[in-house]
Amino acid sequence: MAKRRRGRGQGNQNANQQGQNQGQRRQADALRFWGDPDAKRTDPAPIRPTPDPAALVKSLGNPPLSPTASHQLAVVYEEAVRAATALAAANGLLAGDDLE
Amino acid sequence: MELALDLTTLELLVAAEAAGEIADDDRAALEAERPRWAAMVHQLLVETEEALERVSQSDREERDQAVADLSEERDRLVRAWRRAHGLPEIDEDDLDVEDEEELDERATVPELQASWTQGTVVLWAGNRAAPPADADQLGSLLADTGAAAIDWAPRRREVKLPTGETAAAVEAPVGAALGWLVGLATGQIEGPIGPSARWLGDIAVWATETVAQGRMVPTLAPAANGNGNGNGRKQPAPGRNDRSSADHVVTWAAAAVDARRIRTLASRMPGAVAAVDASVPAERVCRAVLDAAVDAICRAGAARLVSPAVAPVARSYRDVAEAVMARLDGTPFRAAKQPAAQLAHELGLWAAEVRGRRRIGLVVELHPPHADGGWLVTVSATGVEAQPVPVHQALATASGKKVKSLEAELRRLERLLPALRRSGENRAQVIVDSDEAWDLMTDTGRVLVAAGFDVRVPVASVRRPSPRLQLRADHPTGLARVGAHELSRVRWSVLFDDADLDAAEIMRLANEARPLVQVKGRWVALDRADLDAAAKALAQHSQTRELSGAAIVRYAVGLEDNPFGGPVAVAGQGWAVDLVNEATGSPPAPEPAPEGFEGELRTYQAEAHGWLGFLDRAGLGGCLAMDMGLGKTPTMLAHILATREAGPTLVVAPPAVLGNWAVEARKFTPGLRVHVHHGADRAGAEELAKIAADTDVVMTTYATAVRDVEALAAIEWHRFVLDEAQAIKNPASETAQQLRRVAARSRLALTGTPVENSLGDLWSILDFTNPGLVGDRNDFIRRLSTDDDGSRRDAGEAALRALNGLLVFRRTKSEPEIAAELPDKIDELDHCGMTAEQIGLYQAILDDLLKSQLPDADDPSARKGHVLAAITALKQVCDHPAAYLGEEDDKPLEGRSGKLSRLEELVDGVFENGERMLIFTHFAKWGERLAAYLSERTGVHIACYHGGLSRGVRDRLVKEFQEGTGPGALVLSIKAGGSGLNLTAANHVVLYDRWWNPAVEDQARDRAWRIGQKNTVISHRLVCPGTIDERVEEVVAGKRRIADLVLPASSSLSDLGADQLRTALGLRPEAVLDVEEAPDGGDGDGTERAA
């Protein structure tokens, strides 16, 4: 992890730093390593599979592969999206249709 | 808009603020432009992170120092970013020792932790105040958290913790652990899971989302030992000692990645994630995990397809391209280094705009149409200036690198949204038609989002709105009368939910490429067939320009033809519109019980009370159609009490419930002045008029009302109430015809079964309460009949729903909110009449008892037996003459007993609701005959359970009854079936005759009212007033002993002399309800005279 230092212009905090005891420093280090057990977790946002799995490929134009690569890629993208959708569904992550 | 700060000043102030060197005035200036401040900090943060990434990958000597400096700068900007967004500072100094101790206490349990290194998930266990787990403990934790099924390999080197301790660890490629990681993030997997493992789970969810949206691209690279993503590619391509070729592998990477999301996730990455490899910055760890998880999912998808064979070594560019397409599942293949490198480079260029850190973005916005119907699509660019700017402006002002990127993004966008190519010089906007707009709102918009563009479109709905005809009435003018006869000019339109379209608008929409309207804030596409139907409906009604108030009400409740069927929406002004709006728009508020009412009204009763008040104010009649047992009588009494000042109320009820009316009036409304007009000594016409003038309520029976119709019609009634109003279901009957002659300001009908046989029953009731308002009988039946093959009950309930709230107030026990309010049992006492045959037999038995030689008083036991035998005979006569006569009687049962008539009414009501009932009698033979009679009458087989049956037969009867569904009944001898049985399939109990001991009756009722009963149990006790039945009732009620009627409490039945017996057992003429004849014309009511 990158070393974190306090910003400039925070003289009052520097004073506090000088006064803080080792326990507090240990506490901060421990939290950085183990993570905050009290951190509020939010449920993952529902996943909405794309209606056009190959949209991104289409937007990029023909790939520098074979002349039929776009079509072949589209088939693979469909399978990949299907696999991701199945994974999301198995974990209750699929969104309902927001168009009703 | 003129900006307060120019760009240069803004940059200076933002930098000063981030460094903590800003003056108060300058800070205020920044805060006044917080959005620009936030955007500027964001831009600086992006640039700093890009620099950090570049530097961290370099191998120059000063790398470490540069990384440290840039990290510090990045941290300052992160804090500035939080301030610019008004988020609180995170200050380590805020933590105190108490927090630490508390945390330590909770941290003594080892939790499963996850670290990341080169495509591999490493699991170990520990916690800040717990020693690291050994291999056995780790195994247990894996089992506890559902991770044991994954093929983990023991890790040779243990994980070293900051304390210097080491933890046993296992490892697996991310692909193997992906499902488990997603489960951690979604909470599907619980247990001692540490924040580090959950953090990896969050990235796994993100990867799932990324692939589900198709945001990934293939890349090509030499397959190094451990290819970076570590997704289990252990099988090298067929080896060759060819230095010009090497194993290569296709790897999938996330595309169009949100940099802010990376930053957010990286900022909360626990250090434990990097416990194995601490050299990689958090953001790179985050990106590496994301890419590895995306790769794993894509490979799994690609592996489902059959791959073509590839050459052993792909030597040309074309061969390599074919090998790439054949190995998208990540299987390594051998390829010549030079063409492979060239292809890898080309692939990188092809995906550059979505692969790297994105400098600019495009926002596609669809604007709702103006009057000309055209929809405007605009494209803005982000990342060029602090705010999004039109793309043509961005192209003119952006730096060279950004222009290149902008052009590339525009090309990408145009490939997915070709309509933009029509925009010509101004690439910022284009007009699209409604079809293209709909496509953008419902389909292409989502595609663009998946491809990495920001899309802002109006909310759309694919739900098809149903058309509904609407009439708008102008305020009546001229000499029109107020009320049902007033005439109003009307205009017609069609509602699609809340979109109100007249003929011109419908024609305009019909000419659109796709007819779009805004409904409840969402754009919807109208069906062309619906539009055609709407146009036809309006053409059909265009000539109807004036309607009476009554006709408007009929339209509003669906009693007039319209092409869409059902009720027509009503708007505008006038009596009918106000009426309909008050009843349906904002239904009358519930009214609590009025002052002087003893008790409280339940919620639905208060609603009914409010509805009755609405009818009263509107001068309308109506039908209070609450299910049996829901308290129609007290509700009506509350209404009468609340409006007593308006004038007298006439209540007409069957004899069986007239007594109940009087009892409930005393109980709930003791302040009401009630007069029962009944019996031989009832008042004459003149006297009745005087009584009515000084009375709040006059109660009488149907037969008496018909007989005294002249006298009743001469009185000015405020309200005329018919209880058990199905009595007038035959409009041609004498009763129905005569009662229509009695005028009142409002007429109210009370019934639990407004549709006994057909919708014609309901018409009769409603035409009585509001003469002429509901139109012709045949039309009424035709329009409210359902098209499907639903039952009569279904059709009736559908009709009641259509009329509910205006002309009808319908509530049933099956409505959950009503069931929740009901007590679990309701006891009702039903007064029944006596036929002439019953009265004659009763008197004969009594005379015989008194005239015959009673056994000597010295033999009290014989004397008592004689009297008790007579009492039994009298009770049988009250039940039915056939119950007394036994086998000697071979006449039909119908019309010979007031109790049987009442039972028939109850059976009809219960069966109408599809419910089941128990009928208890003391006389087994009578029970058998009763069961046979009811079976024939209802068409439902009804058995009799009595002691003469074998145990097996009795058990079968109980089983069949309990397992049966729908309408059903079981007659039981109270001796054989009054205890021990479980008959919870029934929720109605009829105690056809009475027994001295109330506990026996309670036990009988408890066959249904017991554990397992899900509904309110209603028990009806049938009593013939003025007979032995009533004496039993008094004894059962604990008011007295039978002998107490005439003797001191210490005496017994055997002490009674002839006169005393006559007093105790004889008929009380003033109380007896003598049913004279069978119901006329099937209207369900007997005409009775006082005995």
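## Basis of the description

Two residues are in contact if their C-beta atoms, placed from the backbone, lie within 7 Å. The model is predicted: local features need pLDDT of at least 70, side-chain atom pairs count only at pLDDT 80 or more, and totals for chains, interfaces and linings use all residues. Residues are numbered from 1 along each chain as its sequence is written, while chains are lettered from A and ligands numbered from 1 in the order in which they are written.

## Chain B overall

Chain B has 41 helices and 38 strands; these are DSSP runs numbered from the N terminus, with helices being H or I of at least four residues and strands E of at least two. Of its 1091 residues, 49% are buried (20 or more other C-beta atoms within 10 Å of the residue's own; exposed means 12 or fewer, partly exposed in between, with C-beta atoms placed from the backbone). Among contacts in chain B with a separation of 6 or more, 68% are between residues 24 or more positions apart.

## Strand 11 and its partners

Strand 11 of chain B (residues 375-382) has six of its eight residues buried, so it is largely enclosed by the rest of the structure. Strands count as paired if DSSP finds at least two bridges between them. Strand 10 (residues 361-367) runs antiparallel to strand 11 and is joined to it by seven bridges; His367(B) has Leu376(B) as its bridge partner. Strand 13 (residues 429-432), also antiparallel to strand 11, is joined to it by four bridges, and Trp375(B) is partnered by Val432(B).

Strand 12 (residues 389-390) pairs with strand 11 in the antiparallel sense over two bridges. The two strands form a hairpin with six residues between them, and Gly383(B) in the turn has a positive phi of about 90°.

## Ala381(B)

Ala381(B) lies in strand 11, and its bridge partner in strand 12 is Val389(B). Ala381(B) counts as buried because it has 26 C-beta neighbours inside 10 Å. Beyond residues up to four places away in sequence, Ala381(B) touches Ile360(B), Leu362(B), Pro388(B), Val389(B), Val391(B), Ala394(B) and Leu406(B). Its C-alpha atom is 9.3 Å from that of Ala428(B), 47 residues apart along the chain.

## Nonpolar cores

A nonpolar core is a set of buried Ala, Val, Leu, Ile, Met, Phe, Trp, Tyr and Cys residues joined through C-beta atoms within 7 Å. The largest has 252 residues, of which Leu200(B), Ala293(B), Val294(B), Ile297(B) and Ile552(B) touch the most other members. Helix 10 (residues 282-302) of chain B gives this core its largest share, 14 residues. A second, separate core of 72 residues includes Ile919(B), Ala943(B), Val958(B) and Trp1009(B).
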